[in-house]
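Dear colleague,

I am passing on the structure below for you to look over. My notes on what was found in it follow directly after it.

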Amino acid sequence: MPALEKVENADDGNLLLQLYENYNKLVYSLAFIRLKNHDLAEECVQETFLTVVKKIDMFKGLDEGHRKNLICTIARGKAVDSIRKENIFEFVPEPEELDISYFDPFQSIDLSEQIEKLSETEQTYIYLKFCYGFSNVEIAKTFKKSASYIGRVVNGSLLKIKKELEEKI
């Protein structure tokens with residue numbers, strides 16, 4: 001395990017070790033699938049577990065399924081960060097027409113569960129747009145698609161999530 005920041009107590013250290021042992025290979029796999037690069041995937045594993053160390057208290061009250069979900073979400077975000085670092089392009093402002101205020105009252109666990117149900121492509125576009133602030137034009141340039149296609153996929157994904165959340169209520 002990479003050198004990490006000092007963990008406050010033994011219970012935190014044991015939990016961190018358990019999480020690392022259970023999920024480091026999964027995090028590597030998720031990262032490698034997206035990044036197609038061994039070194040970047042290894043860096044993503046390190047960055048993911050560094051974030052886990054910083055947020056270890058969040059993991060204490062969660063069951064294993066939620067822990068795994070949260071770690072995978074962090075790993076995907078770190079992989080997207082790597083993609084973003086590798087794809088430098090000129091910023092083209094785009095007026096946004098999406099209203100995501102509907103999702104504000106839902107817990108992040110509920111939202112991340114619904115996002116996990118989306119396809120890999122839909123998840124990537126959602127993360128890039130809403131977690132990392134990419135515009136449709138920027139995402140389109142990265143994936144060699146049209147901005148209108150990205151907009152349709154994002155809107156469709158949000159509608160799927162909204163429908164699932166409404167059914168859950």
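**Notes on the model**

With a relative accessibility of 60%, Lys-36 counts as exposed, where exposed means over 50% relative accessible area, buried under 20% and partly exposed in between, for a 1.4 Å probe and protein chains only. This residue lies in the loop between helix 1 and helix 2, and it has a positive phi of about 55 degrees although it is not a glycine.

Before going further, please note that this is a predicted model, in which local features need pLDDT of at least 70 and side-chain atom pairs count only at pLDDT 80 or more, while totals for chains, interfaces and linings use all residues. Residues are numbered from 1 along each chain as its sequence is written, and side-chain values use heavy atoms, with hydrogens and water left out.

As to the overall fold, the protein has eight helices and zero strands, these elements being DSSP runs numbered from the N terminus (H or I with at least four residues for helices, E with at least two for strands). Buried residues make up 41% of the 169 residues. Of the contacts (heavy atoms within 4.5 Å) with a separation of 6 or more, 70% are accounted for by residues 24 or more positions apart.

The aromatic pairs come next. Rings of Phe, Tyr and Trp (its six-membered ring) pair if their centres lie within 6.5 Å, and planes under 30 degrees apart count as stacked, over 60 as edge-to-face and the rest as tilted. By this rule the count comes to two aromatic pairs. Tyr-20 and Phe-49 form an edge-to-face pair, at 5.0 Å centre to centre and with 70 degrees between the planes. This pair links distant parts of the chain, since Tyr-20 belongs to helix 1 (residues 10-35) and Phe-49 to helix 2 (residues 38-54), 29 residues apart. Both Tyr-20 and Phe-49 are buried. The rings of Tyr-28 and Phe-32 have centres 5.9 Å apart and planes at 15 degrees, so that pair is stacked. Tyr-28 and Phe-32 are four residues apart in helix 1 and are therefore separated by about one helical turn. Tyr-28 is partly exposed, with a relative accessible area of 23%, and Phe-32 is partly exposed as well, with 34%.

In helix 4 (residues 64-86) you will find Thr-73, which counts as buried at 19% relative accessibility. Leaving aside residues up to four places away in sequence, Thr-73 touches Ser-112, Glu-116 and Tyr-127.

How do helix 6 and helix 7 cross? The axes of helix 6 (residues 120-131) and helix 7 (residues 136-143) come within 10 Å and cross at roughly 135 degrees, the axes being lines fitted to C-alpha atoms, for helices over the stretch in contact, with angles from 0 to 180 degrees between N-to-C directions. The two helices are therefore oblique to each other (under 35 degrees counts as roughly parallel, over 145 as roughly antiparallel, 65 to 115 as roughly perpendicular and the rest as oblique). On the side of helix 6, Thr-124, Tyr-125, Leu-128 and Lys-129 meet Asn-136, Ile-139 and Phe-143 of helix 7. Within helix 7, Asn-136, Glu-138, Ile-139, Ala-140 and Thr-142 are buried, and just after this helix Lys-144 takes a positive phi of about 55 degrees.
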